[in-house]
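Subject: Structure handover, with notes on charged side chains

Hi,

Here is the structure I promised to pass on. Please have a look at it first, and then read my notes below.

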Amino acid sequence: MAVVYLGLGSNCGDRLAYLRTAARRLHAEITITQVSSVYETEPVGHAEQPWFLNAVLEGYTELKPDTLFQFSQDIEKSLGRERPFPNAPRTIDIDILLYGELKIASSTLTIPHPRLTERGFTLCPLTEIAPHLEHPVSGESMESILATAVGLEETRHFADQNWYAEAAPEMLS
């Protein structure tokens, strides 16, 4: 089994409900061990849209990276995710941030996530649950990366970790 860190984001409709539904569906193939608080963040890339809710999940899975990617894409599609243009508003976004120590660069999947260290919406929740986790490429801890990051989008605390327990308390190991 591999430890994985997944980023969830939503800025359409009932954003928190989309995060909860995605987490429940991910639980079918991932043993979720930790969840971050939910953060509200300003959009990046296409500013004229609602702010996002973001969270990070840690878990274990037997799925291979490409299968996990397809599984997450299927969840996005089932929750109404459309991709009319880059950085468009979305009901749900599920990103594989880290998959163990793997480094993958293919036409469909890059792990670690290529913008992990440049985005407050991934760094804040990931650092909350795994501050000493080392980035597989740089070897720096998430805590250190966040402390020295510059130019991050505005990120503010929205809800504590109860967002997840309220969704399905049986999911946490």
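What follows is a short account of the charged side chains, starting with some ground rules.

This is a predicted model, so local features need pLDDT of at least 70 and side-chain atom pairs count only at pLDDT 80 or more, while totals for chains, interfaces and linings use all residues. Residues are numbered from 1 along each chain as its sequence is written, and side-chain values use heavy atoms, with hydrogens and water left out.

**Salt bridges**

The structure holds six salt bridges (a side-chain nitrogen of Lys or Arg within 4 Å of a carboxyl oxygen of Asp or Glu). One of them pairs Glu40 with Arg15, at 3.0 Å from N to O. That pair links distant parts of the chain: Glu40 sits in strand S3 (residues 38-41) and Arg15 in helix H1 (residues 15-26), 25 residues apart. Helices (H or I, at least four residues) and strands (E, at least two) are DSSP runs, numbered from the N terminus.

Glu40 counts as buried because its relative accessibility is 14%, and Arg15 counts as buried because its value is 18%. Here, buried means under 20% relative accessible area, exposed over 50%, and partly exposed in between (1.4 Å probe, protein chains only).

Glu40 also meets Arg156 in a salt bridge, at 3.3 Å from N to O. This pair, too, links distant parts of the chain, with Arg156 in strand S8 (residues 155-159) and Glu40 in strand S3, 116 residues apart. Arg156 counts as partly exposed because its relative accessibility is 37%. Arg15, Glu40, Glu154 and Arg156 are linked in a network of salt bridges.

Elsewhere, Asp93 forms a salt bridge with Arg90, and their closest N and O atoms are 3.5 Å apart. Both Asp93 and Arg90 are buried.

**Glu58**

What does Glu58 have around it, given that it is buried yet has no salt bridge? The nearest side chain of opposite charge, Lys103, is 18 Å away (Lys and Arg count as positive and Asp and Glu as negative; His and the chain ends are not counted). Glu58 lies in strand S4 (residues 52-61). Its side chain makes a polar contact of 2.6 Å with the side chain of Tyr5 and another, also 2.6 Å, with that of Thr33. A polar contact is a pair of N or O atoms within 3.5 Å; within protein, one must be able to donate a hydrogen and the other to accept it, and residues adjacent in sequence count only if both atoms are side-chain atoms.

Best wishes
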